[in-house]
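Here's a quick briefing for anyone opening this structure for the first time. Have a look at the picture, then read on.

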Amino acid sequence: MEFKRDFAKPDFSEYTKVLASFANALGGVIVFGVSDSPRRVEGCLPLPDEAAWADRLREDFDPEIPFAVRDYQVGAAALRVIGVGPSTHKPVLCKKTRTKSVTSNKGPKDVEVLREGAIYYRYSGQTRPINYSDLSAMLSERESLYLKKMMETLQVVQKVGLENAGVVDMSTPQSSVYMSAEAAKGLSIIDKATIVQEKGAPAYVMMGNVATKEIVHAPFEDEDKNIPMEAAAILSPVVNEVYDGDPAKIHPAQVTKLLQHLGIDKDNRHCLYEKKLKRKYVTRLGLKALENFIRTRPKEALQAFGSKECIARYGLKNNLSDEKRYLAPE
């Protein structure tokens, strides 16, 4: 706890420095309206609003320091208090150097208040740069907490099963839920205004702007990294068989047309895309989906990737009218 007689605007970064030192230690408060020597409740004028505190803390330190401002009445005196808890992302570092002008017997001079890159820590009633032993202990504690959280997460994954687990990213205003397609199938996602009719039915209420996304759980094997040319070579015998040699094969660009038609192009399960290499791969699951599509719905598949001539010849072979030859099935 630190006491200040009143808020002084030139000392704004002095106050943020103290708050940063509290955040790097066990938390603490600055009480405005109490004189120091002797310590007496005298009251003070209102502090800057919370937006001004947030802006100055954001300018001076990183990561962001959560804080709270409170007003208290002690008799006729108004006390203003600002406090922080221990940071969950230690250490809090100073982002910029600041000075203030002071007057001494030798005249005015600039005194350093903040130093860029410094880590301020609270020691027995004073704020100063952290010493080596405390910094080492802080980093060790951070590492231990990280490992503890990881182990707790792994225990949860082990309990529910890897195939049923997902990850929630709450680091941004628009939170995202990452999970596999298999896990997503088991969810009943409802709007917060929807009533669940079936008693005991599992449901998940979306209280905010949450997006459900699909991710890859593990690195793909080499067998799943088939470039479109390789995928076309694998699928060509199937095409030749299904269409009696007309067409006799499929080309890489036509493989992409089929993927797009099925809505699985670059979905990270059937088809991968590496941004760095700008390369597309068709996985074994994707090849299986394409083969199944060609075998079970040959007309629709041909309309998706074939030329007009091939589609027309296929229509004649199968006694389809001119209208039906060119129309995709409903």
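This is a predicted model: local features need pLDDT of at least 70, side-chain atom pairs count only at pLDDT 80 or more; totals for chains, interfaces and linings use all residues.

**The chain overall**

- The secondary structure comes to 10 helices and 19 strands; helices (H or I, at least four residues) and strands (E, at least two) are DSSP runs, numbered from the N terminus.
- Of the 330 residues in the chain, 35% are buried; that word means under 20% relative accessible area, with exposed being over 50% and partly exposed in between (1.4 Å probe, protein chains only).
- Take the contacts (heavy atoms within 4.5 Å) that have a separation of 6 or more: 57% of them are between residues 24 or more positions apart.

**The sheet with β1, β2, β7 and β6**

- Four strands make up an open sheet, in the order β1-β2-β7-β6, and the pairing is mixed; two strands pair if DSSP finds at least two bridges between them.
- At the edges sit β1 (2–4) and β6 (68–74), each pairing on one side only.
- On average, neighbouring strands here are turned by 25 degrees against each other, direction ignored.
- Strands β1 and β2 run parallel and are joined by three bridges, with K4 standing opposite F32 in β2.
- Strand β2 is mostly covered, as four of its five residues are buried.
- Some background: strands of a sheet pair through backbone hydrogen bonds, either parallel or antiparallel.

- R70 has its place in β6 and counts as partly exposed because its relative accessibility is 47%.
- Leaving aside neighbours within four places in sequence, R70 is in contact with L79, R80 and V81.
- From R70 to L47 is 23 residues in sequence and 10.0 Å in space, C-alpha to C-alpha.

**Helix α1 and A20**

- Helix α1 (residues 12–24) lies across β1, β2 and β7, and runs at about 150 degrees to β2. Axes are lines fitted to C-alpha atoms, for helices over the stretch in contact, and angles run from 0 to 180 degrees between N-to-C directions.
- A20 lies in this helix and counts as buried because its relative accessibility is 0%.
- Not counting residues up to four places away in sequence, A20 touches F61, I65, V92 and Y120.
- A20 and I65 are 45 residues apart along the chain, yet their C-alpha atoms are separated by 7.4 Å.

**A loop residue and a hairpin**

- S87 lies in the loop between β7 and β8 (93–94), and it counts as buried because its relative accessible area is 15%.
- S87 touches A23 and V92, again not counting residues up to four places away in sequence.
- Strands β9 (residues 98–104) and β10 (residues 107–114) form a hairpin with two residues between them.
- Seven bridges pair β9 and β10 in the antiparallel sense, and S104 has G107 in β10 as its bridge partner.

- In helix α6 (residues 252–262), the buried residues are Q254, V255, T256, L258 and L259.
- Those residues pack against α5 (228–242), β18 (271–274), β19 (279–282), α7 (284–296) and α8.
- Just after α6, G263 takes a positive phi of about 75 degrees.
- The axes of α8 (residues 298–305) and α9 (residues 308–317) come within 8 Å and cross at roughly 160 degrees.
- These two helices, α8 and α9, are therefore roughly antiparallel to each other (angles under 35 degrees count as roughly parallel, over 145 as roughly antiparallel, 65 to 115 as roughly perpendicular and the rest as oblique).
- The contact is made by P298, K299, L302 and Q303 of α8 and by C310, I311 and Y314 of α9.

How values were computed: Residues are numbered from 1 along each chain as its sequence is written. Side-chain values use heavy atoms; hydrogens and water are left out.
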